[in-house]
Amino acid sequence: MDHEKNVVNEDDDIENYTWKDTDERTYSQPLLTRRHNTTSQIAIVGANPCPVESLDYEIIENELFKQDWRSRKTIQIFQYVLLKWAFALIIGLVTGLVGIFNNIAVENISGFKLLMTTGLMLKHQYYKAFVALAGCNLALAAAAAALCAYIAPAAAGSGIPEVKAYLNGVDAHSILAPSTLFVKIFGSILCVSAGFVVGKEGPMVHTGACVASLIGQGGSRKYHLTWKWLRYFKNDRDRRDLITCGAAAGVASAFRAPVGGVLFALEEAASWWRSALLWRTFFTTAVVAIVLRAFMQLCSTGTCGLFGEGGLIMYDVSAAKVTYSVPDILAVILLGVIGGILGSLYNYLVDKVLRTYSMINEKGPAAKIALVVTISLLTSICSYGLPWFAPCIPCPADVSSRCPNTDVSGNYKSFQCPPNHYNDLASLFLNTNDDAIRNLLSTSTTKEFHISSLFIFFGAIYFLGIITYGIAIPSGLFIPVILAGSCYGRLVGRLFEPISKLDVGLFGLLGAASFLGGTMRMTVSLCIILLELTNDLLMLPLVMLVLLISKTMGDMFNHGVYDQIVKLKGLPYLEAHAEPYMKHLVARDIVSGPLITFSGVEKVGNILHALKMTGHNGFPVIDEPPFADAPELCGLVLRSHLLVLLKGKIFSRDRVLAGDDLVRTISTFDFAKAGSGKGVKLEDLDIEDEEMEMYVDLHPITNASPYTVVETMSLAKAAVLFRQLGLRHMCVVPKSQGRPPIVGILTRHDFMPEHILGLYPHISRRK
């Protein structure tokens, strides 16, 4: 009984749209939705949603399920457990290889572009250098936008909000499709190489989840790529576990942070966790780390083109001496406060930009590509134009690296400067984002960047990061946030230089941590990721302190950036805690009808009529005399199971129980979850008029033990129970006898604030 008929007019503006649920009641919910799907394009590129369904994380304990488990042999159970670990291994291998491929491609494409620009600059052909830089960026950006606009709109954006919603139980269309995976990989390569202020870390999380989803499909009957033992994975529970492993593997592949990947999945992505999943997730990220290490050793010999020491993020600051005193603690507290304020402002501005871009992008693919090209041109102008305002700085005498540097990466870019001088802004702008961060976190280089240059770079990156996120390209938020944070961290380090013992490079690390905490509102996972990135465990206390302060400051103003994006996309995400006003309501207060029920042995025509007239995904089954002494709740039957049963045409002319014959006639495999929406549809049924008057026994496919709550349970308690158990339907039963055996059914949308406050507008959200 999912609320799935959510209709939005394509010509509407961005306002509060009305969702119509399957109980024929309406309530308002702020949506930024247009055509195609409820994915990254909903808020960002303005796509209209397809129906949003919930996932079946609950075990459907019907007679078919019980018979299947009773018939399993020891070898089959062993195969099932072994396959879980084998799939975790495959996810780690594939995600690690994709991460290596992304980095090699980005380093070589960006390196070719930057070498060509530098070569023209050395010949004093400055206009040609700009045309070459901007032309390459525009071509790469247009290609990435075309992939997103025409092939997979769901691939735009970070992908982390969609993965987070999926693991919460929201099944939005196309977010894990093969086309999305293809565009995510190649679009991310193109847009990062195009010089956008975006990262490939968020897209890598989405990529890992897509890889896991494809592996967890349990084969394909359409292409005859299935085996009997793969049927055990044709359910949402096992797919959820695999996608959790995939999300962790994506973080591990992007940051070379296996432990951080596990903690990211635990803290930010997953809504449901258990110890067995922790082991498999850790195993998956360990495989990713081994794959990355093996290929880095291979590439260090020069066999990967321009990809060598750079590419995979690893900002080693362990060479700096970590000693701190009271002034340093005060500086860290200041960084935390700044990070929380700037982070909450960043989230607010990203929210406004997404709403604006939605109106532009709803005009079609051409408008999406035009917007991407415009932002690309603006980025190229900033990258090439702003270094002209920076003064040339003499090369330091004690520098260990070459100065000035004309290679692809390095701290000292010559740009337009005379011999033995370098341009510090060019060292940041005319580099890959990874190398720019490496320069900002470099230690023992206190005077390398002028204070005015740091101010200019921070303002440009902060502005470009905000206006870039939301265009039709795969784009991550980690790198822009780390870039801006490390820049103002280095600025604070310069200001505290007379009284501080910490290196300015370490201040850059703390600034990055503060901005990450202020925008994303994570603590444990970010702390470990940053420590794995920088290889300096001595910074642990300071990183912990700055993350706690920045998160606390940011929470005073608004929610984390991923939570805001989930809400913008209209995805019905259930929070871990109940809203305060839910304590004043009980379960029956939000139940509404009419409630559609079936008898244990129901007429085919009645079932078909109910399926045609409603979009419900679950129906209560009531046993009545002569099958029971009094009306009683037999259980809950799913829409998908009814469609399979009707297609099999196992009917009888008399209203009698089918017994064990029906269980032996039908296969559990037929009722398994279909992959990528390939299940039986209502249009596939071919029921004759004569068969409409026949009967079908629903007992074998009815979940005889659905989760039920008494009607007087507080709504807050019911909401927490619903989320923690990963339910799709919750039956509300009467407290007293002598009444119908079921009051109603609660689904995900019933717990949404927009629905509850629509029913009870006088209730304050804060009480």
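Which residues of helix α24 (residues 715–724) are buried? They are Leu715, Ala716, Ala718, Ala719, Phe722 and Arg723, where buried means under 20% relative accessible area, exposed over 50%, and partly exposed in between (1.4 Å probe, protein chains only).

## Basis of the model

This is a predicted model, in which local features need pLDDT of at least 70 and side-chain atom pairs count only at pLDDT 80 or more, while totals for chains, interfaces and linings use all residues. Residues are numbered from 1 along each chain as its sequence is written, and side-chain values use heavy atoms, with hydrogens and water left out.

## Overall make-up

The protein has 25 helices and 14 strands. Helices (H or I, at least four residues) and strands (E, at least two) are DSSP runs, numbered from the N terminus. Of the 767 residues, 60% are buried. Among contacts with a separation of 6 or more, 77% are between residues 24 or more positions apart; contact means heavy atoms within 4.5 Å.

## Helix α24

The buried residues of α24, Leu715, Ala716, Ala718, Ala719, Phe722 and Arg723, cover an arc of only 165° around the axis, which puts them on the same side of the helix. The arc is that of the directions from the helix axis to the C-beta atoms. Lys717 and Gln724 are exposed on the other side of α24.

The cover over the buried residues of α24 includes α5 (160–168), β13 (730–733), β14 (744–746) and α25 (753–759). Just after the helix, Gly726 takes a positive phi of about 65°.

A nonpolar core is a set of buried Ala, Val, Leu, Ile, Met, Phe, Trp, Tyr and Cys residues joined through side-chain atoms within 4.5 Å. The largest one has 145 residues, and those with the most contacts inside it are Phe196, Phe255, Phe457, Phe478, Leu510, Met539 and Val543. Helix α16 gives the largest share of this core, ten residues. Leaving aside neighbours within four places in sequence, Leu510 is in contact with Val332, Leu335, Leu502, Met539, Leu542, Val543 and Val546. Another core, of 25 residues, lies apart from the largest one and has Leu611, Phe619, Ile687 and Leu698 among its members.

Helix α19 (residues 540–555) has 16 residues and reaches 22 Å from its first C-alpha to its last, close to the 22 Å expected at 1.5 Å a residue; the expected span is 1.5 Å times one less than the number of residues. Its buried residues are Leu542, Val543, Val546, Leu547, Ile549, Ser550, Met553 and Gly554. They pack against α11 (326–361), α17 and α18 (524–534).

## Aromatic rings

The structure holds 19 aromatic pairs. Rings of Phe, Tyr and Trp (its six-membered ring) pair if their centres lie within 6.5 Å; planes under 30 degrees apart count as stacked, over 60 as edge-to-face and the rest as tilted. The rings of Phe182 and Phe186 have centres 4.9 Å apart and planes at 45°, so this pair is tilted. Both residues lie in helix α6 (residues 178–193), four residues apart, about one turn of the helix. Phe182 is partly exposed at 40% relative accessibility, and Phe186 is partly exposed at 35%.

The rings of Tyr488 and Phe515 have centres 5.9 Å apart and planes at 65°, so they form an edge-to-face pair. This pair links distant parts of the chain, with Tyr488 in helix α16 (residues 478–495) and Phe515 in helix α17 (residues 504–520), 27 residues apart. Tyr488 is buried, with a relative accessible area of 4%, and Phe515 is buried at 0%. Ring pairs also link Tyr126, Phe130, Tyr384, Trp388 and Phe415 into a cluster.

Arg240 lies over the face of Tyr57, at 4.2 Å from the ring centre. The charged end of Arg240 also sits over the ring of Trp272, 3.9 Å from its centre. A charge sits over a ring if NZ of Lys or CZ of Arg is within 6 Å of the ring centre and within 35 degrees of the ring normal.

Lys113 is in helix α3 (residues 74–122) and counts as buried at 6% relative accessibility. Not counting residues up to four places away in sequence, Lys113 touches Leu133, Cys136, Asn137, Ser193, Ala194 and Gly195.

## Backbone features in loops

A cis peptide bond joins Pro625 and Pro626, with omega about 10°. Pro626 is in the loop between β9 (618–623) and β10 (632–638). Asn535, which is not a glycine, has a positive phi of about 60° and lies in the loop between α18 and α19.
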